[in-house]
Amino acid sequence: MICDVCKGRSASVHVQKISAGAITDYYLCTECAVKLGYAKRVNQFDPDGNKDVHFTEKDIGRRCPCCGCTIQDIVSMGVAGCSECYTAFRDKIQEIVRQIHGEAKYSGHVPLNSSPKMRREAQLSEARIRLQNAIEQQNFEQAAVLRDYIRDLENHVQQ
């Protein structure tokens with residue numbers, strides 16, 4: 001399929017726009033998708049560029065037992081074919097998530113109605129990041145305060 005914008009390169013990104021109930025499909029090449037802001041990280045996962053995600057012979061031959069998707073399909077589409085894909089390609093999906101977010105564990109917002117232990121664990125994770133930043137910036141006074149804060153939180157999490 002050819003890119004709907006430049007009409008020259010092969011399309012590798014599918015964009016679906018929904019406006020006033022009408023669905024419009026656009027097929028874009030990597031370059032046009034990045035220029036239009038649809039795919040800020042497309043180049044990281046371009047199977048042809050193979051910049052950050054490396055596929056072994058074993059990866060290339062593997063298919064999801066449920067939908068038949070390959071890891072290359074998931075990388076090029078940016079979504080899994082079905083829920084079983086997450087089990088079939090767990091190792092590669094975790095690698096990709098780690099490359100995007102720095103870690104494969106969710107570290108976002110903790111709901112207010114979550115358990116106190118869960119909130120402390122989130123605070124602990126955030127404090128560790130702040131400690132690492134303080135050390136990198138050589139702000140050792142702040143690092144010492146954060147170190148003590150982390151110790152207190154660790155004691156409460158264990159209880």
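Begin by selecting Gln138, which lies just after helix H6 and takes a positive phi of about 55°. The structure on display is a predicted model.

Next, select helix H6 itself, residues 116–136. Within H6, colour Leu124, Ala127, Leu131 and Ala134, which are its buried residues. These residues cover an arc of only 90° around the axis, and therefore lie on the same side of H6.

Proceed to the largest nonpolar core, which consists of 11 residues. Among them are the cysteines Cys64, Cys69, Cys82 and Cys85, together with Ile71, Ile74, Val75 and Phe89. Helix H3 (71–77) and helix H5 (90–101) each supply at least two residues of this core. The largest share, three residues, comes from H3.

Centre the view on Ile74. Beyond its neighbours within four places in sequence, Ile74 is in contact with Val79, Ala80, Gly81, Cys85 and Phe89. A second, separate core has eight residues, including Leu131, Ala134, Leu146 and Ile150.

Finally, select strand S1 (residues 13–19) and strand S2 (residues 22–28), which pair in the antiparallel sense over seven bridges. Val13 has Leu28 of S2 as its bridge partner. The two strands form a hairpin with two residues between them, and in the turn Ala20 has a positive phi of about 50°.

Definitions and conventions
Residues numbered from 1 in each chain as written. Predicted model: local features only at pLDDT ≥ 70, side-chain atom pairs only at ≥ 80, totals over all residues. Heavy atoms only, no water. Helix = DSSP H or I, 4+ residues; strand = E, 2+ residues; numbered from the N terminus. Expected span 1.5 Å × (residues − 1). Buried < 20%, exposed > 50% of the residue type's maximum accessible area, 1.4 Å probe, protein only. Arc of directions from axis to C-beta. Core = buried A, V, L, I, M, F, W, Y, C linked by side-chain atoms within 4.5 Å. Contact = heavy atoms within 4.5 Å. Pairing = 2+ DSSP bridges.
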